[in-house]
Amino acid sequence: MKAIRRFTVRPVLPEPLRPLSDLARNLRWSWHAETRDLFQSVDPERWTASEGDPVRLLGSVSAERLAELAEDSRFLRRLTEVAGDLADYVGGDRWYQTQSGELPAAVAYFSPEFGVTAALPQYSGGLGILAGDHLKSASDLGVPLIGVGLLYRHGYFRQSLSRDGWQQETYPVLDPNELPVALLREDDGSPAQVSIALPGSRSLRARIWLAQVGRVPLLMLDSDVEENDLGARGVTDVLYGGGSEHRLLQEMLLGIGGVRAVRTYCRLTGHPEPEVFHTNEGHAGFLGLERIAELCDAGLDFDAGLEAVRAGTVFTTHTPVPAGIDRFDRELVATHFGPGAELPRIDVGNILRLGMETYPGGEPNLFNMAVMGLRLGQRANGVSLLHGSVSREMFSGLWPGFDPEEVPITSVTNGVHAPTWVAPEVFRLGARQIGAQRTEDAMSVGGSDRWDAVAEIPDQDIWELRRDLREQLVVEVRDRLRASWRQRGAGSAELGWIDGVLDPDVLTIGFARRVPSYKRLTLMLRDRDRLMDLLLHPDHPIQIVVAGKAHPADDGGKRLVQELVKFADDPRVRHRIVFLPDYGMAMAQKLYPGCDIWLNNPLRPLEACGTSGMKAALNGCLNLSVLDGWWDEWFQPDFGWAIPTADGTGTDPDHRDDVEAAALYDLLEQRVTPRFYERGQDGLPDRWIEMVRQTLTLLGPKVLAGRMVREYVERLYAPAAHAHRTMTPDAARELAAWKGRVRAAWHGVTVDHVETSAATATAELGTTLNLRVRVGLAGLAPDDVEVQAVSGRVDPEDRIGDATTVPLKPAGGPDSEGHWLYEGPLALDRTGPYGYTVRILPAHRLLASSAELGLVAVPSEDGVEGAGVLMR
C-alpha cells in the first residue's frame, strides 16, 4: 500500500549527544576525516547503509544504541574533541583574517549548482563540483563568502542502463527535511521567503534553505511552496531541465531572488552585507538587475546604478563554446520584466540592451546571459590560461577595435579541494612525513610552490600505497558493476564473471566526465583491434574504468554511452574494461585515487579547465591528456604525457579523430605501459614511481582550490571591493554622465596626422624617435582621453604582436580647428621587422580597463607620414 502522506521522524538525541546534531548539520564532515570517523563509530553498518550521510545515520540509529553511546565515556570524549575542533574552525582566525589591505567584508557567490557532498545532490558536473570546492576552500581560508543557489527537488537525474546499454534516467524526489539543510526562519519562527513577480499578476515565491559549509552559509531557494500555483511550484524541480521559459524563471529566481535571499539572511543573522557579487557562469546574471533596482529605489538613475553595480561584480565564464551559453528570445525576456511583471520601475529597453548580441556575428534577437554577465561585471575571468585566451577571442565583438589579447577578461585557473578528493591513505602518508596539521594546512591553505617533503618518502611506500588504492578500486568496481547488471535484469547466476573483473596489479586507466560530443568518450574505440590488443597484452595489459552521464535530451551522447557499454559487455574484454553508471561524487572519490592514469581527450580547445585530472594528480595518478585546459598550462614530461593534436582549422573531424586516437594508442604502447611494467634493480618500477613523486611535488600545490580562492581574493575580490567603496552615488553619477558624453562625442574623435623623426625605413637598435600626433577630440578634453603609441614586432601583414604602449603628452592646442598636438618618444628596443601606430582611448580614474567602453580611434591611412614599418 502507498502512503498518502510522508513525514520525516527525527530522533531525540540524549543530552550528552546533542553536539552530534550540530556536527551532522555542518557539511564540514564531508571533508573532515575525524568527524566522519566519529559518525562511523556510532554504528558502522548503518553508516555504510546511509552512504556516509550523518543526517540519514542519526535518523536510523536505534534509541537503545543512542542511550548506550550517551553512557560511553570514550565516545563522549571523542565527541567533545571533534565538536570543539569545529567550534575553533568556525570561530577562529584563518588566512583571510591575517591579510592586510582592503578586503571585502563579504562576498556573495552565485552558482546554478553546488557539488558539496553526495548527501546533497545538487550538481550535474564540473561547474557544480568547482562551486562546491570554491565554498569549501573559502571556508578553510576564512573568506566571508555567502553561497547562493537553488534547491532542486529532483536534483540532477540518476543514471542506469537498459539491457542493451541505453542510458535511462530517474528523478528521485528529494525531501529537504531528510537533507543536511535547515529552513531560514524569521524572528517569529515562520519560514523566510522571497518572491518575484510574474506576468499576469502572478508571483513566484520561494523558501530559503540553509546548508552550512564549514564557515560558509549556502542559501538555496525552493519554489515548491503551497502559496505557488502548480507551474511556479515546479520551477525548482530539476537541474537544467525544462524549456526556455522554465530555464528563464530558474535564472530569474537564482539571480533576483538570490539577492533578496542574501538581504534576508543578512538582516536575520547580522552577517555583513556583501561588497562583492561573484557570478559563477551566466545563469545568475540577473542578480545585477536586482542590485540596479535597489539603487534606483535609493535615488540613482539606471545608468548610474549600472556603474555602481559593475564596480563590485566579478563574472566567471566557464564555457569555451557559444552553444554552452543560455540564450533567450528577446520577446520572452521582455514579457517577464517591466510593468505588470518583475522590476516594473526599470525600462525594459535598458534591461534588453544588457543582454542583446548587438555586435558583428551576433544574433540581434537573442538575449545572451554571458553577454549580460560581462556587461554587468567590471571584472571577468576564464578558468585557465588557455580558456582566458579563448574567451577573449569569443567575446571580442563586445570590444570592437581592440585586439583579442586586450579584451578585459583575465583568467584564474581552477583548483580542487584537496581534503575532499585526496584519499585518506594519501593524507596519512603525508602526515607521517610532516605531521597531520602541516599536511592539512598544505592541502587546504597552500601557499608553497613545491611539496618537497614528498622526496623523503621511500619508493616502496609510494608503490605499496598505489597498489592498495588500486585494489580498493577493484573491489568498488565489482560491487558497482554487479549492482548495475542487476538493474539491467541479470540474475545472480549470470554474474559469476564479475569476481574476475579488473586486477589490482594491472595498469589502470580512468575516464569519467559528462558526455557531450567534444569530450570524445569513444575516441578510445576508434581502432578496436588496437584497443583489444592493449587490454589483452600478455605482458603489459591495461584495464579501463569509464563513467559518465549524457544530458537527458542528448541522444547523441546517449549513443556514445551505448557504444562504449556494448564494447565493455564483450566477454573477451569485459574483465579489462567497465562502464559504471550514475557517476557522481561518491564514485569519484574512489575512482581518482585508484587509477594509475587519468585519460582526457577532448577536442582542443573546448575543455575550459578539466579539473578531474587535478583530483587524480593529488592522489599520485599520472595524466595522459590532450593539451587543453589546465594541462596545457602545467604539463611537463616529468609527470605525464601529452596526446598530440591535429587541430588545424581545415582538418576533417573524422580524420582528426583517427590521427589523435592513433597518437593515443602509440603513447600507451610505446611509452606508458613499458614504464609501468619496467622494474629496476630493487624490483620496483622506479621510473614510474619518480613520475608519481614529481606529480605530487610539483603539481600538488598548483591544483589546489586554496590557491585558486587566494587568487580570486587578491586579484579580483579585493580590487572589486575597492572599486565598490570608491563608487559612491556621486561617483557613479559622474562616471555615468562622463560615459554618456564620451560615447556621444566619440564618432568625431580622430587621429589626423602622425609624423616621426625617422628619416628612413630602417633604424638602429636603441634609437629613440620622436612622435608628433595631431588629434581631434570633438569637444572632449585631454583629461577625457589617453593618446598612445603602440609598437612592437610586426608580421608580414604589418600586424603588431607583443605590443608595448607608451602614453603621449599634449604639447599644444586646441588650434583654430580644435585640434590638439601630442608628442612623445618611441624607443626601438627590438630588432627585426618593427612597427608602430597611434590610438586614442577614453580615460577616467574610475575605469578598470582602458578597453572598458569598447571605444578606440586609430589613424586613417592618409593621416600617416613616415609611419608604419620602421625596421626590416
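Visitor: How many aromatic pairs does a search of the whole structure find?
Guide: The search finds 20 aromatic pairs. Keep in mind that this is a predicted model.

Visitor: What kind of pair do Tyr156 and Phe157 form?
Guide: A tilted one, with 4.8 Å centre to centre and 45° between the planes.

Visitor: And are Tyr156 and Phe157 buried or exposed?
Guide: Tyr156 is buried, and Phe157 is too.

Visitor: Why does the pair of Phe286 and Phe367 count as stacked?
Guide: Their planes are at 15°, and stacked means under 30 degrees apart. The ring centres of Phe286 and Phe367 are 6.1 Å apart.

Visitor: Where in the chain do Phe286 and Phe367 sit?
Guide: Phe286 is in the loop between β9 (276–280) and α10 (287–297), while Phe367 belongs to strand β12 (residues 366–368).

Visitor: What is the relative accessible area of Phe286?
Guide: Phe286 has 0% and is buried. Phe367 also counts as buried, at 0% relative accessibility.

Visitor: Which residues form an aromatic cluster?
Guide: Trp463, Trp641, Phe676, Tyr677 and Trp688 form one.

Visitor: Which residues have the most contacts inside the largest nonpolar core?
Guide: Trp641 and Trp688 are among them, along with Met524, Ile544, Ile597 and Leu624. That core has 105 residues. A second, separate core has 65 residues, including Ala70, Trp95, Ala211 and Val412.

Visitor: Changing topic to charges over rings. Where does the charged end of Arg28 sit?
Guide: Over the ring of Tyr89, 4.1 Å from its centre. Arg513 lies over the face of Phe511, at 4.6 Å from the ring centre.

Visitor: Now the strands. Why is strand β23 described as largely enclosed?
Guide: Because eight of the 10 residues of β23 (residues 785–794) are buried.

Visitor: In what sense do β23 and β27 pair?
Guide: Antiparallel, over nine bridges, with β27 covering residues 834–842. Val785 stands opposite Pro842 in β27.

Visitor: How many bridges join β23 to β24?
Guide: Six, and β23 and β24 (residues 800–807) run antiparallel. Here Val790 stands opposite Thr805 in β24.

Visitor: What about the turn of the hairpin that β23 and β24 form: how many residues are between them?
Guide: There are five residues between β23 and β24. Asp798, in that turn, has a positive phi of about 65°.

How values were computed. Residues are numbered from 1 along each chain as its sequence is written. This is a predicted model: local features need pLDDT of at least 70, side-chain atom pairs count only at pLDDT 80 or more; totals for chains, interfaces and linings use all residues. Side-chain values use heavy atoms; hydrogens and water are left out. Rings of Phe, Tyr and Trp (its six-membered ring) pair if their centres lie within 6.5 Å; planes under 30 degrees apart count as stacked, over 60 as edge-to-face and the rest as tilted. Buried means under 20% relative accessible area, exposed over 50%, partly exposed in between (1.4 Å probe, protein chains only). Helices (H or I, at least four residues) and strands (E, at least two) are DSSP runs, numbered from the N terminus. A charge sits over a ring if NZ of Lys or CZ of Arg is within 6 Å of the ring centre and within 35 degrees of the ring normal. A nonpolar core is a set of buried Ala, Val, Leu, Ile, Met, Phe, Trp, Tyr and Cys residues joined through side-chain atoms within 4.5 Å. Two strands pair if DSSP finds at least two bridges between them.
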